[in-house]
2 protein chains.
Amino acid sequence: MMDMPELQPGQLLARGVCRHLRHHDFVAVEEFVPDRGLRVDVMALGPKGEIWVVECKSSRADFQSDSKWQGYLEWCDRYFWAVDADFPTELLPQETGLIIADAYDAEILRLGPESKLAAARRKLLTQKFARHAARRLQAYRDPGVSALFGP
Amino acid sequence: MMDMPELQPGQLLARGVCRHLRHHDFVAVEEFVPDRGLRVDVMALGPKGEIWVVECKSSRADFQSDSKWQGYLEWCDRYFWAVDADFPTELLPQETGLIIADAYDAEILRLGPESKLAAARRKLLTQKFARHAARRLQAYRDPGVSALFGP
């Protein structure tokens with residue numbers, strides 16, 4: 001079995017977010033690369049193929065140092081921030097979704113606007129999501145595969 | 001972490017198949033349900049969205065008791081049998097793909113015919129594959145989620 005690494009504060013938020021999304025019948029992967037040079041904290045896939053991105057910010061500094069988030073908007077139908085209950089949410093742009101999270105659960109406070117992906121991009125992202133999830137899953141089910149193909 | 005269950009002979013073949021498919025840049029999930037009442041041993045997704053099904057047969061009896069395989073043909077672009085080196089391959093229908101496998105690797109002996117999925121079904125299957133893989137992955141990454149949502 002692979003070691004379970006110590007999770008960083010943002011990763012703990014992501015865990016709670018991914019758990020909560022299951023209540024909405026969304027499944028999710030973490031640290032997903034939608035396109036070269038981009039990596040989102042959580043990419044979720046809904047029952048009708050909806051694609052959501054959630055960026056998890058563990059502190060004001062973590063949010064303020066993020067210069068890339070606007071580049072994620074075009075890779076999802078909805079974009080959310082996930083922060084803990086102590087985060088100064090007035091810092092966050094109003095025209096985005098908002099999730100309050102801890103390591104164990106989360107709550108969607110604001111859905112934010114929906115901006116539907118074009119069909120071709122949705123197809124590409126769903127396929128990438130599938131391949132990402134299956135590769136990671138295989139690394140857990142068959143640890144021997146990582147020695148052959150990397151993590 | 002979840003326990004690693006003892007693998008059955010067919011599951012060991014599936015493991016070798018899934019490893020080998022990575023050499024062809026295909027990722028795979030096991031025990032995938034393409035439609036109600038159907039469950040395939042290996043469902044693989046290629047770099048261009050190709051969908052392959054591989055049924056793993058550990059013995060002649062295992063093959064001869066399978067009355068469902070023809071129902072899988074319409075859920076993939078290519079269909080394969082995976083068997084071990086001792087299997088009497090002359091029993092297998094010629095118009096299918098053939099993979100010789102063990103628990104550690106495999107080799108594709110015959111690709112078999114390609115019968116391309118319609119776009120709508122490919123889209124549906126890719127989305128199901130993605131959701132299957134992400135749910136299973138989450139169960140490994142976050143064992144707590146299984147208590148909430150089941151395996």
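In which strand of chain A does A:Cys56 lie? A:Cys56 lies in strand β3 of chain A. This is a predicted model, in which local features need pLDDT of at least 70, side-chain atom pairs count only at pLDDT 80 or more, and totals for chains, interfaces and linings use all residues; side-chain values use heavy atoms, with hydrogens and water left out. Residues are numbered from 1 along each chain as its sequence is written, while chains are lettered from A and ligands numbered from 1 in the order in which they are written. Helices (H or I, at least four residues) and strands (E, at least two) are DSSP runs, numbered from the N terminus.

**Sheet of chain A**

- Six strands of chain A form an open sheet with mixed pairing, in the order β1-β2-β3-β4-β5-β6; two strands pair if DSSP finds at least two bridges between them.
- At the edges of this sheet are β1 (27-32) and β6 (106-110) of chain A, each of which pairs on one side only.
- From one strand to the next, the twist averages 30° (axes are lines fitted to C-alpha atoms, for helices over the stretch in contact, and angles run from 0 to 180 degrees between N-to-C directions).
- Strands β3 (residues 51-57) and β4 (residues 78-83) of chain A run parallel and are joined by six bridges.
- Opposite A:Val53 stands A:Tyr79 in β4(A).

- A:Cys56 is buried, with a relative accessible area of 3% (buried means under 20% relative accessible area, exposed over 50%, partly exposed in between, with a 1.4 Å probe and protein chains only).
- Not counting residues up to four places away in sequence, A:Cys56 touches A:Gly10, A:Leu13, A:Ala14, A:Val17, A:Asp41, A:Val42, A:Asp62 and A:Ala82 (contact means heavy atoms within 4.5 Å).
- A:Leu12 is 44 residues from A:Cys56 in sequence and 9.0 Å from A:Cys56 in space, C-alpha to C-alpha.

**Relation of the two chains**

- Chain A is superposed on chain B by a rotation of 180° with 0.0 Å of shift along its axis, at an RMSD of 0.0 Å; copies are superposed by least squares on the C-alpha atoms of residues with pLDDT of at least 70 in both.
- The two copies are therefore related as by a two-fold rotation axis.
- Both copies use the same surface, as 100% of the contact residues of chain A recur in chain B.
- A:Ala130 comes closest to the rotation axis among the residues of chain A, with its C-alpha at 1.9 Å.
- Helix α3 (residues 119-141) of chain B lies across β1 and β2 (40-45) of chain A and runs at about 75° to β1(A).
- B:Arg19 has its place in helix α1 (residues 9-23) of chain B and counts as buried at 9% relative accessibility.
- Leaving aside neighbours within four places in sequence, B:Arg19 is in contact with A:Gln138, A:Asp142, A:Gly144, A:Val145, A:Leu148, A:Phe149 and B:Tyr104.

- Five bridges join β1(B) to β2 (residues 40-45) of chain B, and the two run antiparallel.
- B:Ala28 has B:Ala44 in β2(B) as its bridge partner.
- B:Thr96 lies in the loop between β4 (78-83) and β5 (97-101) of chain B and is buried, with a relative accessible area of 2%.
- The side chain of B:Thr96 reaches the backbone oxygen of B:Pro93 at 2.7 Å.
- Not counting residues up to four places away in sequence, B:Thr96 touches B:Trp69, B:Tyr79, B:Trp81, B:Arg110, B:Gly112 and B:Pro113.

**Aromatic pairs**

- Over all chains, the structure holds 17 aromatic pairs; rings of Phe, Tyr and Trp (its six-membered ring) pair if their centres lie within 6.5 Å, and planes under 30 degrees apart count as stacked, over 60 as edge-to-face and the rest as tilted.
- The pair of A:Phe32 and A:Phe129 is tilted, because the ring centres are 6.3 Å apart and the planes are at 45°.
- A:Phe32 lies in strand β1 and A:Phe129 in helix α3 of chain A, so this pair ties together parts that are 97 residues apart in sequence.
- A:Phe32 counts as buried at 1% relative accessibility, and A:Phe129 counts as buried at 2%.
- In chain B, the rings of B:Phe32 and B:Phe129 have centres 6.3 Å apart and planes at 45°, so this pair is tilted.
- One aromatic cluster is formed by A:Phe63, A:Trp69, A:Tyr79, A:Trp81 and A:Phe87.

Terms used
A polar contact is a pair of N or O atoms within 3.5 Å; within protein, one must be able to donate a hydrogen and the other to accept it, and residues adjacent in sequence count only if both atoms are side-chain atoms.
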